[in-house]
Amino acid sequence: MTGLLAQLVIDSTCQVFQMMLLTDVEAGEPEPIDQKMELSGITGIIGFAGKDGSCLLHLNCPAETAKDIAAKMLGMELESLDEAKDAIGEMANMIAGNVKSFLVDMGLQLELAIPTTVSGEAFEISIDSDTPVSLRIPFKYDGGRFDVVLILSSGMVEFLESKGM
């Protein structure tokens, strides 16, 4: 199941970057996350939840990559990092929307939360030790590097396993 979910995130990310930025991205090797992951720059966070479980998707970019993504998305150079926050939140929202569509097709009933962005230096996300699936997928493109993180609740994993995933 982890391999299929990772491929879903990779495909969704590639599609969104191509559609919104006319940019090809290259995925690295997906890897599980330990209980803590240190981040910096800007992170767009989208939660989705329903009766069968919940999920979080994070799009984390170093500051310069976030500015590059936002500039390409808006078609103009940015004056400050604050201008990039909305663009990163929206990119995370679109990637999560693609993932949600697949999960809904599997039979999950899910709703997306409003995008949230966090920025700063040396902050971390903590993951409960009983979280069954937590993946980090690194990406790179001509403007920099970024990560997409997917965290699934045990309820969602159980539902997907019951569907043969």
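Predicted model: local features only at pLDDT ≥ 70, side-chain atom pairs only at ≥ 80, totals over all residues.
Helices, in the sense used here, are DSSP runs of at least four residues, numbered from the N terminus. Lys85 is partly exposed at 24% relative accessibility, while Asp82 is exposed, with a relative accessible area of 54%.

Stepping back to the whole chain, the secondary structure comprises four helices and eight strands. Read from the N terminus, these elements follow the order α-β-β-β-β-α-α-β-β-β-β-α. The radius of gyration is 15 Å, close to the 15 Å that the globule rule gives for 165 residues, so the chain is as compact as a globular protein of that length. The C-alpha trace spans about 50 × 30 × 30 Å along its principal axes. Of the 165 residues, 44% count as buried. Among contacts with a separation of 6 or more, 72% come from residues 24 or more positions apart in the chain. The accessible surface amounts to about 8100 Å², and carbon and sulfur atoms contribute 47% of this area.

Side chains of opposite charge can pair when their charged atoms come close. Across the whole structure, a search finds five salt bridges. One of them, between Glu31 and Arg136, has an N to O distance of 2.8 Å. Glu31 lies in strand β2 (residues 31-32) and Arg136 in strand β7 (residues 133-141), so this pair ties together parts that are 105 residues apart in sequence. Glu31 is partly exposed, at 35% relative accessibility. A further salt bridge joins the side chains of Asp68 and Lys72, at 3.6 Å from N to O. Both residues sit in helix α2 (residues 63-74), and because they are four residues apart there, about one helical turn separates them. Asp68 is partly exposed, with a relative accessible area of 23%, and Lys72 is also partly exposed, at 31%. Elsewhere, salt bridges that share partners join Glu31, Arg136 and Asp147 into one network.

The aromatic rings come next. The structure holds four aromatic pairs. In one of these, the ring centres of Phe139 and Phe146 are 5.1 Å apart and the ring planes are at 5°, so the pair is stacked; the cut-off for stacking is an angle under 30 degrees. Both partners are hidden from the surface: Phe139 is buried, with a relative accessible area of 3%, and Phe146 is buried at 1%. Ring pairs also link Phe139 and Phe146 with Phe17 and Tyr141 into a cluster.

The cysteines complete the picture. A disulfide is a covalent bond between the sulfur atoms of two cysteines. The search of the whole structure finds zero disulfides. For Cys14, the nearest cysteine sulfur is that of Cys61, 14 Å away, whereas a disulfide requires the two sulfur atoms to lie within 2.5 Å. Cys61 is likewise in no disulfide, its nearest cysteine sulfur being that of Cys14.

Terms used. Residues numbered from 1 in each chain as written. Heavy atoms only, no water. Phe/Tyr/Trp six-rings, centres within 6.5 Å; stacked < 30°, edge-to-face > 60°. Buried < 20%, exposed > 50% of the residue type's maximum accessible area, 1.4 Å probe, protein only. Helix = DSSP H or I, 4+ residues; strand = E, 2+ residues; numbered from the N terminus. Rg over C-alpha atoms; globule rule 2.2 N^0.38 Å. Contact = heavy atoms within 4.5 Å. Areas by Shrake-Rupley, 256 points an atom, 1.4 Å probe, with all protein chains shown as cover. Salt bridge = Lys/Arg side-chain N within 4 Å of Asp/Glu carboxyl O.
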